[in-house]
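Student: Hi! Could you walk me through some side-chain contacts?
Tutor: Happy to, let's have a look together.

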Amino acid sequence: MQKAKCWGYERNCTAGQRHGLPTSGCLNDRFLQEFWNSVDFGYVQERREEFDKLLLCRPGAQQQSMLQCSKYTRYCKAQNLFIDFTGLRDPHNRDKFRENVFKQGQIGGDCVLDRQLLQAQGDHKSPLQSWYAELENFSSMKFARDKCDVTIEHPVIFMKMDWGGNMFHHFCDFFNLYVTLHVNGSYFDRNSQIVMWDTVKTPKIRVTLLQRGTPENEKIFRQIKNQKDLEKVFDDFPDLELKVVEYDWRKMSFKEQLSVTHNSDIFIGMHGAGLTHFLFLPPWAVAFELYNCDDKDCYYDLARLRGVKYVTWSDGGNPVNTPKPSEQGKHHKYGQNPKFWNWRFEPQRFKEILSEAREYVLNHATYKSLISKKLSKQ
């Protein structure tokens, strides 16, 4: 009878029962064991053994809180915690992984803390290596649940995500999540909640992209032929909120158009009459004329008169980034005029210009003052 398979870190799991055990490719038993310890469930086994030795805050007879970690607080498990997040209210701090979030009394539990054991875990204190920066001020405290603003009863997993911009880094995030569940004996179901640990508290920056008609309307030129590609760029900016609009009086009243414009922090559009809306942008806004079609001063002057920042397309010193025309000569009368062509733009260069516009808004004194006042009321 075939023996049941096991992960390999269980007490009664033999080497022959391990899942995924390599049977070839290793030179000898020593390399086989090194592979097991480094990139297989032997790694989990070592971390679990560390867990057994690092009960940092143990519950007493009448206490229900607990904190337990692997060495250097790389993986942790806790229950019945008190967390005060008011330290996140600094809108000007752009550090994704701040190390000064919690002061004494802002994180802790009703348990018996071994502070000396906790302090001994600080050798790997850094944003993506451990949780020590967040736990070094962990305190033994009594707290009343009914005094908390929010009480969460279901399992919550805190994750420090390296970067969600490509598949490689996301694979690393999912791997860390999977290993964590094995290391600390947690489970995952539909009631579980994953919280991305990002200490930058930023209200959304509102971006309006003004499109000229619909793609299927062949009578309208200066359309962005790869608009969907440019919209995907916003996936790399979690604090940018994109709104794509068409200012057609038959679909949107002038009052509604003004409301959208005045509530835009970055306003993007191709050269055309719709950019007259630059006049109604807030003082900290960026007027982004995506492409001026060789009419350089028209909407630049309008933005200048309004007193807002103006940017337009440039190749950034690389001819590859030059806009690519299409439908040249299609217009029956003005086919040789670039204002009556359609255009494609390099998404990476668009991302660079968009990033500069974002930084301008974030660093504008009036914008920072307004956001600071808004956050202070929360």
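Tutor: A term to begin with: buried means under 20% relative accessible area, exposed over 50%, and partly exposed in between (1.4 Å probe, protein chains only). The model is predicted, so local features need pLDDT of at least 70 and side-chain atom pairs count only at pLDDT 80 or more, while totals for chains, interfaces and linings use all residues. Residues are numbered from 1 along each chain as its sequence is written, and side-chain values use heavy atoms, with hydrogens and water left out.

Student: What does Lys142 pair with?
Tutor: Its salt-bridge partner is Asp110, at 3.5 Å from N to O. Lys142 sits in the loop between β7 (139–140) and β8 (156–159) and Asp110 in the loop between β5 (107–109) and β6 (112–113), so the pair ties together parts 32 residues apart in sequence.

Student: Are those two buried or exposed?
Tutor: Lys142 is exposed at 69% relative accessibility, whereas Asp110 is buried at 17%.

Student: And which residue does Asp239 meet?
Tutor: Arg358, in a salt bridge of 3.0 Å, N to O. Asp239 is buried at 9% relative accessible area, and Arg358 is buried too, at 13%.

Student: New topic: which residues are linked in a network of salt bridges?
Tutor: Glu46, Arg47, Glu50 and Arg74 are linked that way.

Conventions:
Salt bridge = Lys/Arg side-chain N within 4 Å of Asp/Glu carboxyl O. Helix = DSSP H or I, 4+ residues; strand = E, 2+ residues; numbered from the N terminus.
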